[in-house]
Amino acid sequence: MSTRTVVQLFRNSGLRIEPGMPICQVDLPFDWYQEEFKPYAEEYLALPDRTPESVLPWMDRYLLAAQKEFGPRLLLLAHYYMGGEIVKLVERYGGRIADSYELALQARSNAGAEFIVESAVHFMADAIATLAHPHQQVYITNPRAGCTLEMYAKEHQVAPAVEELQARYGEQLMVIAYMNTSGRVKALAGATGGAVCTSGNAKKVMQWALAQGKKILFVPDRNLAEVVCWWSGVAPERQFQWGGGEEGGQQRIARMSAEQRARLDAAQVIRWGSSCGVHTIFKPAMVEYWRARGYRVLVHPESPLPTVQAADGAGSTRYLWAAVEAAKAGEKLAIATEGHFVKNARALARQKGVEVVHLADIPDPAFQAMGCGCATMSRNDPPHLVAMVDLLRKGKAPDANKVIAGDVVDETTGARERLSPTERAGIVTHARRALDRMIEITERNN
Ligand code: SF4
């Protein structure tokens, strides 16, 4: 990917910090902060309110000092799903907002950035670290920010399934790992000749794999796998549903019925069985509700297939954001994805007379659902960002926040299990290969 392309990906989000707007809807409990971060959390919690007028002078004290000291050697990153106005704050301090594909490329594309601080979830930081240059250091503002898709497709769960399938299908088996996986699972994909994919390029990657006549294990999102099969013309009878999480790791072909084994043998695509709770709530009836009221409905493909089929369009975070940017005054959009993203999209849309609603926010008790944000990503807030950057400036960055490719993180405690340098070299080689294949496939026809 050329530097020019990367620059184009990073247009400013267009979001503005408005006077009096709430910086954070909810404060995190004090004991959720790691010890080193507590003094900063104390200062933050003592501020009179959460408006920019109170919060920004406090943040400026630390972040402007770090910007002055590091200059372009410091790169702040955040994902569009970040709540607590982190998106706007990161941009205020010269940082960049992106989806998971664009984030993964940031270390590699910005060789001058020695210190990369990411406010998002662990798999994104791990992908940045996997593609980083040797002199770059990657940090995450909260090591306990995980992703449920990743958590139900850990290496110790996926690896036995891969072994099981390889024993039966040999080199015909190829793993495609969604970006929402650890580096170790991406390495499993790389080792089978497979690739990583994101929701934006999953169709291209799937078609690349199908063209080779491979039998594909798609990990971890069963909904996205089903949607991509639909986009790619893989009939339901050529798909097989494997288990997810621990169940997926314990599934054995020898224990299957003859009928199940026959379906597995006939399958082109084997879907790992995880899903994201933020996206599984979307129903076709919600699409009909908003469409009947004049809304164009756009959904993220981690949503269930019937909802994707009912919608007017489906695509990645980048696709959804671009649709809001392109919408004309008077248009109405109902968007099915993560709640903070929709809130940010609504703020952008309002500036130009476009109305945006969250697909699940239906004022009718019959629907019994409401849109929600990604709870794990929301574990990043202003004190986490301030503490991380300030401690880095002081040379006291906690080891728990330092992301080294191939780490396994316990999302409950934030503890890290690191690989030895030799083990890491093997994992990084394969994970990088899978990421590079994705980049090559994605950029080929762009
Ligand atoms: S919204 Fe779902 S898929 Fe995305 S990071 Fe959060 S848990 Fe993971």
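User: Which residues have pLDDT under 50, and how many contacts beyond four places in sequence does the model have for them?
Analyst: Residues 1-10 stay under 50, and the model has 12 such contacts for them. Here pLDDT is the predictor's confidence in each residue, from 0 to 100, and a contact means C-beta atoms, placed from the backbone, within 7 Å. This is a predicted model: local features need pLDDT of at least 70, side-chain atom pairs count only at 80 or more, and totals for chains, interfaces and linings use all residues. Numbering runs from 1 along each chain as its sequence is written.

User: What's the mean pLDDT of the protein chain?
Analyst: The mean is 92, with 96% of residues at 70 or more.

User: Switching topic, what surrounds the ligand?
Analyst: The shell includes Tyr81, Cys147, Asn180, Glu338 and Cys374, counting residues whose C-beta atom, placed from the backbone, lies within 6 Å. By class, eight are nonpolar, three polar and one charged.

User: And the open sheet, what's the strand order?
Analyst: S6-S5-S7-S9-S8, five strands with parallel pairing. Strands are DSSP E runs of at least two residues, numbered from the N terminus, and two strands pair if DSSP finds at least two bridges between them.

User: Why is one side of S6 and S8 left without a neighbour?
Analyst: S6 (196-197) and S8 (239-241) are at the edges with a single partner strand each, so one side of each has no neighbour in the sheet.

User: How many bridges link S5 and S7?
Analyst: Five, between S5 (residues 173-178) and S7 (residues 215-219). Ala177 sits opposite Val219 in S7.

Methods: Ala, Val, Leu, Ile, Met, Phe, Trp, Tyr, Cys and Pro count as nonpolar, Asp, Glu, Lys and Arg as charged, and the others, Gly among them, as polar. Two residues are in contact if their C-beta atoms, placed from the backbone, lie within 7 Å. Helices (H or I, at least four residues) and strands (E, at least two) are DSSP runs, numbered from the N terminus.
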